[in-house]
Amino acid sequence: MSNGPNTLTMIAAIVAKDVRQRLRDGSLLVFGLLLPLGVAFFFNMLLGDDTSRQTGSEYVVVDSDAGSLGQEFVDAALRPLADDGVLELTTADTEDEARALVEDGGVDAAFLVPEDFTESLENGDDAVLTVVGDADAPVATHIAREIGRAFATEHLRIRLAVASGFDSEPSPEDAALLLEEAEAAEAPLVLSEDADLEWRELGNATYYSASMAFFFVFFAAMFSVTSIFDEKAGGTLARLLASPIPRGAILIAKLTSGLVIGLANMAVLAVATSVFFGADWGDPLGAGALILTGVTAVIGLTAAVASFARSSEQAANWLSVLAMLLGVFGGALFPISQLNGLAIVSYLTPHRWFLLGLGELSAGGLDVVLLPCAVLLALGLVGTTVALFRMGRMVNA
Amino acid sequence: MPILEVRGVSKRYGKNQAVDDVSFFIEEGETYGLLGPNGAGKSTTIGMITGILERDSGSITVDGIEHSVTNRKSKSLIGFVPQELALYHDLSARDNLRFFARLYGLSKSEARTKTEEVLETVGLSDRAGEAVSQFSGGMARRLNIGLGLLNSPRLLILDEPTVGVDPQSRNSILESVHTLTRGGVSVLYTTHYMEEAERLCDRVGIIEAGKIRAEGTQRELVSQVGEDDTVLITLDAPGERVLDVLRALEPIDEVSSEGTQVRLLTSNARDALPLILDTLTRAGAGIRSVEVQEPDLEAVFLSLTGKGLRE
C-alpha cells in the first residue's frame, strides 16, 4: 500500500461500483430511460405537441351583449390569445349553436356572453359569463374557466377602485382619470401571470418530457439510497465497515452514486426527448442548474425518508409512495390547477419548483431559475442533513 | 509485542450482556481459536475487534495501536472474512477483489496486481471474469476468504468460515488457512467445530455466555480439566502377567482389559507410548493394534460448561 487510504478514492470506488451494479441489474434502463421516455411519448402522442400545452384547444364564443364589455372580452381577452396561437377561436351566433358544437366535439369549450353583460357590470350587479366545456376536454375547459374568471376579476378590481375612491358620483375629470388608470392597468388576461398556469408555457413535449423525467428520477435514484440496506442484508456492509473507510463516507458515497445516476439519467432524457420529441429544455445552463439542484433535492428527500426505514423493501415502499405523492401534488402527472384548493401544497414538492423553473426559463433569462434552484437546493440540503443525522442507524452492521 | 491484545472488552445489547470482560492476546504468527457454541459471543467479539461494532468498555490494540471503529490505521492491518458470503454476486470475482482493494488504499495498479495474486491463491484465476452468482458455494467461500487477504493483513480474522460448507470445500478452506499460517500470518479463527480448532489453532479460548471460560493450548486445556489420554492395545493373549507389568509402569494411571483389548489411562500417551510398546515387546506380548485417544476440546468444553459445543 504505497498510498494511504484516501477517503475520496474510497468514495469514488463505491460510486463506480454502485453505478456498475445499476447498469447490470437493468433497473436503470427501465426506470431511467424506458419508462420516462415511454410515458412522455404516450402523453405526447395523446395530446400532441405545439408551442403551448393548450394549443389545439378550440373555443367558440357567442357575444350576445349589446354593450362594450362583451366586445372587450372577445377583442382584448380572447382574440390576442388566438393571435398568439395559444388557442383557436371561432364565433357562433347563438348559444344553442355553440352548445351543439361543444356536444359534437367540434370545439373544446364555449364562452357565452349574455345580453346584459355590460349593463350588469356597470350597475354593479352580478354578470354571468358562462363556460360550457366538453367533458372529454377537462384541461381546455379549465383554461376557459380561468380566462373568464381572470376577466371578471379584473373588472371587479376596477369597480372596487371606483367604489372606494369616490364617495359620490365622480366628476367627468375623475372619471377620465379613472379610465386612464384602467387603460394603463395590466392587461387583464395574461396567462403567465396566473400562478396556477405557469407550467402551461411549456409545450406538451417539453412539459411531459420534463415531468416524466423528474418523476422517474425518484425511482432511479431510490435504488442507490436503498442499496445501503441491501449491503447490510448481504453482509457486504460489514466488510465495508471493517475496511478503513469512514462511516460517513459510506453514506456520502451512496448519496453521490444516486446523484451521479440521477444527473446522467436526466441528461440522457433531456437529450433524448429533445431529439425524438422536440422538447425544448431552454437554456442549457439554466436547465443544467435546475437538473443539478432538482436531483439534489430528490436524493436528499429519498435519503431522509429511507433513514427511517428498517429494510430495503420498506424503504422502497415508502419511497415509491413518496414519489407518487410528490408527483401528484407537484404537477408531474396532471395539471396543478386540478388540485383546486390543494394547489398550494404543490410548492412543497420539488416537481413544482423544477417545472416552474423550466417554465420560467422558457420565457428567457437565466436569473429566473435562481429562486427555483435555491428552493430545490434547500430541499436537498435539508433531506441530506436529516439522513446524515440518522447515519448511525443506517450505516451499522 | 502481541499482534492483537484484547483487554476487558464488554458489549451489551439492552439487557443481554453479549460479551463480558473478555481478554486474550495473539502473538505474531500465532493461530488463535475462539471456540464456542452459537450465541456464545464469538461474532460480537469479532465485530469489536474488526472495528464494526463499538465496544462498551475495555481496550483493543492491534500491533500496539489502540484500535477503534474510527482508527483507519489499525483497521488497515486487519483482514476480515465474515461468516456470511459478503460478496457482490452480480459482479465478477475480479471486480469484487479490485473494489475492496481500492477501499484498503491500494492504487489502481496495485489493486490489479494484488487481485491477480489473490485469485491465484484461492484458485479462481480461471473463473475471475465470471459473475459470483455463477459460482458454486465452495468457490464463493474461497473468494470470501480471498477478499480478506487483499491488504496483506498482519492479522487475519475468520469468523466461522466453514459454516454451511460441504466437507470437500471445508477441507480446502482449512488447508488454505493452514497455508496462510505457515506463511506467518497471525490468525484469529472462530468456530463451533472442535475439530477445526484442534487442527488449526496453536491456542484456543473457550467462550460461553460472553465470557472466556478457559484458554491455552489444547493440552493445557485438557490438563486444566484433568482428563487422561487413553491407549487401547489389542494383544494376541493378554494375560494377568502382562497387565501387572503394565501397571508397574510409572506413567500408567490405570489398566483394565476386556477380551483381547487392554485399556490404559495415562496423562500423556505420546510420551508414554514408546515405553509401553517396549515393555510389551520384552514381555513377549503379541501386539495386533494400538490406538491412542487424547481427550478433545469437546470434552473440555463439556467439563467447563456442562453442555456440548453444538447444543
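I started with the record: UniProt, in an unreviewed entry, lists "transmembrane region" for residues 27-47, 207-229, 250-279, 285-309, 321-348 and 368-389 of chain A. The model I am reading is predicted, so I checked what the coordinates give for two of these spans.

I took residues 250-279 of chain A, which are 93% helix and 0% strand. The C-alpha atoms at the ends of that span lie 37 Å apart. I then took residues 368-389 of chain A and found 91% helix and 0% strand, with 33 Å between the end C-alpha atoms.

I listed the buried residues of α3(A): Leu69(A), Gly70(A), Phe73(A), Val74(A), Ala77(A), Leu78(A) and Leu81(A). Following α3(A) I noted Gly85(A), with a positive phi near 80°.

I moved to chain B and its sheets. One open sheet has four strands in the order β2-β1-β4-β5 (chain B), paired antiparallel. I find β2 (16-26) and β5 (65-66) of chain B at the edges; each has a single partner strand, so one side of each is left without a neighbour in the sheet. Inside this order, I looked up how β1 (residues 4-13) and β4 (residues 57-62) of chain B are joined: they run antiparallel, with five bridges. Val6(B) is opposite Ile60(B) of β4(B).

I then traced another open sheet of four strands, ordered β12-β13-β11-β14 (chain B), also with antiparallel pairing. Its edges are β12 (252-258) and β14 (287-293) of chain B, each with a single partner strand, so one side of each lacks a neighbour in the sheet. On average, neighbouring strands here are turned by 15° against each other, direction ignored.

I looked at one pair in this sheet: β11 (residues 229-235) of chain B and β14(B) pair in the antiparallel sense over six bridges. Leu235(B) has Ile287(B) in β14(B) as its bridge partner.

I next asked which helices pack on this sheet. Helix α9 (residues 240-247) of chain B does, touching β11, β12 and β13 (261-266) of chain B. The direction of α9(B) makes about 160° with that of β12(B). Helix α10 (residues 269-282) of chain B also packs on the sheet, touching β11, β12, β13 and β14 of chain B. The direction of α10(B) makes about 165° with that of β14(B).

Key: Residues are numbered from 1 along each chain as its sequence is written. Chains are lettered from A and ligands numbered from 1 in the order in which they are written. This is a predicted model: local features need pLDDT of at least 70, side-chain atom pairs count only at pLDDT 80 or more; totals for chains, interfaces and linings use all residues. Side-chain values use heavy atoms; hydrogens and water are left out. Two strands pair if DSSP finds at least two bridges between them. Helices (H or I, at least four residues) and strands (E, at least two) are DSSP runs, numbered from the N terminus. Axes are lines fitted to C-alpha atoms, for helices over the stretch in contact, and angles run from 0 to 180 degrees between N-to-C directions. Contact means heavy atoms within 4.5 Å. UniProt positions are given in the numbering used here, feature names are shortened, and annotations may be inferred rather than shown by experiment. Buried means under 20% relative accessible area, exposed over 50%, partly exposed in between (1.4 Å probe, protein chains only).
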